[in-house]
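Subject: Structure for you, with notes on side-chain pairs

Hello,

Here is the structure I promised to send over. Please open it alongside this email, and my notes follow below.

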Amino acid sequence: MKKVALIIFTVLSLAYVIASFVWTKVATQKELCRGVVVNVKSDSIKFLTSQFILDELKRMNFKVKGVPVNKINSQSVEKAFDAQYYVEDAEIFMGSNGYLHINIIPVRPVMRIFTATDSYYINREGKHVPPSSGFFVDVPVVYGNFTANYPPTRLMPLVDYLSTHPDVDRLISAIEVKDSTNVYVIPEIAGHVINLGEVDNLDSKFNRVLRFYREVLSVKGYDIYDNISVKWNNQIVARKIDGKPRLHLSEEDIGHEEEAPAIEPGDMVATDTTKVVRIVKSQN
């Protein structure tokens, strides 16, 4: 008797589940979207308002209000918004209340890029953000011509380093990329540029720069050298170019070192067990 009752209970439970599923599906097919709820999770971009997002929804030909809920593809809407330059991240879903919810995180630029022909911001993923009157952020300024093999995002280790080292960040006014092995920072202190080489070993490189400032430039003057290079391990090579106006040097004047210079005892102006400083005067 108990076994029969258990079987009957199981059958009835299964029938209830199936009936509930069918009823829910039918109800969903009949349920119409009641509207859109927009949440912009920052006011960092002036024009990025709830009304702007609603206008964009229309511009992208997404009709949702009054449309059956099961006919609205929230993933397609989300993908379309994720592709927009002003969006860092979009989360879009149909709520149980019959409203389409659109949550937008505004784009977070990390660099302002200037090339020979263009200017734009980028975020960490490399999304291009056009400059506009309604958009301005204080981010590192970068000059250079980039390629598919060396996009601006390759500079992220340097940008991240500056953001976490305010003592160094305060010294830097801009970044300039000549090529992948000659990345320059332009100090706020006029008179010279600093060649980092590649954007690696940044702790070591900037420690050498700061030491050079303390022990050499503070004595000799901050505009005595035109080019300071820390691209080679444990070395600082400073170059002075006579007869050339500083900060207006050609690439030939600057001279990218392709090999680490040989260190001679007579060239050392400061040394310890880990760092060597060498001063080189140009023959030009």
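A term first: helices here are DSSP runs of H or I with at least four residues, numbered from the N terminus. By that numbering, Arg211 and Glu215 both fall in helix α6, residues 202-220. They sit four residues apart, about one turn of the helix. More on them below.

Please keep in mind that this is a predicted model. The average pLDDT of the chain is 81. At least 70 is reached by 73% of the residues. Two stretches call for a note. Residues 245-254 have a pLDDT below 50. That stretch still has 21 contacts in the model beyond near neighbours in sequence. Residues 280-284 are also below 50. There the model has 10 contacts beyond near neighbours in sequence.

Aromatic pairs

How many aromatic pairs does a search of the whole structure find? Eight. Take Phe47 and Tyr86. Their ring centres are 6.5 Å apart and their planes stand at 90°, so this pair is edge-to-face. Phe47 is in the loop between β1 (35-40) and α2 (50-59). Tyr86 is in the loop between α3 (74-82) and β2 (87-94). The pair therefore ties together parts that are 39 residues apart in sequence.

Are these two residues buried or exposed? Phe47 has a relative accessible area of 24%, so it is partly exposed. Tyr86 is at 1%, so Tyr86 counts as buried. Both residues also belong to a cluster: ring pairs link Phe47, Phe52, Tyr85 and Tyr86.

Phe114 and Tyr143 make a stacked pair. The distance is 5.5 Å centre to centre, with 25° between the planes. Phe114 comes from strand β4 (residues 111-114) and Tyr143 from strand β7 (residues 141-144). This pair links distant parts of the chain, 29 residues apart. Phe114 is partly exposed at 27% relative accessibility. Tyr143 is partly exposed at 37%.

There is also a charge over a ring. Arg112 lies over the face of Tyr121, 4.9 Å from the ring centre.

Salt bridges

The count of salt bridges is five. Side chains of opposite charge can pair when their charged atoms come close. Three of these bridges are described here.

Glu56 bridges to Arg59, with the closest N and O atoms 2.7 Å apart. Both lie in helix α2, three residues apart, or about one turn of the helix. Glu56 has a relative accessible area of 8%, so Glu56 is buried. Arg59 is partly exposed at 48%.

Arg124 and Asp160 meet in a salt bridge at 2.9 Å, N to O. Which parts of the chain does this pair link? Arg124 is in the loop between β5 (119-122) and β6 (128-129). Asp160 is in helix α4 (residues 156-164). Arg124 is partly exposed, with a relative accessible area of 41%. Asp160 is partly exposed at 27%.

Now back to helix α6. The side chains of Arg211 and Glu215 meet in a salt bridge of 2.8 Å, N to O. Arg211 has 13% relative accessibility, and buried means under 20%, so Arg211 counts as buried. Glu215 is partly exposed, with a relative accessible area of 40%.

Best wishes

Methods: Residues numbered from 1 in each chain as written. Predicted model: local features only at pLDDT ≥ 70, side-chain atom pairs only at ≥ 80, totals over all residues. Heavy atoms only, no water. pLDDT = per-residue confidence, 0-100. Contact = heavy atoms within 4.5 Å. Phe/Tyr/Trp six-rings, centres within 6.5 Å; stacked < 30°, edge-to-face > 60°. Helix = DSSP H or I, 4+ residues; strand = E, 2+ residues; numbered from the N terminus. Buried < 20%, exposed > 50% of the residue type's maximum accessible area, 1.4 Å probe, protein only. Lys NZ or Arg CZ within 6 Å of the ring centre and 35° of its normal. Salt bridge = Lys/Arg side-chain N within 4 Å of Asp/Glu carboxyl O.
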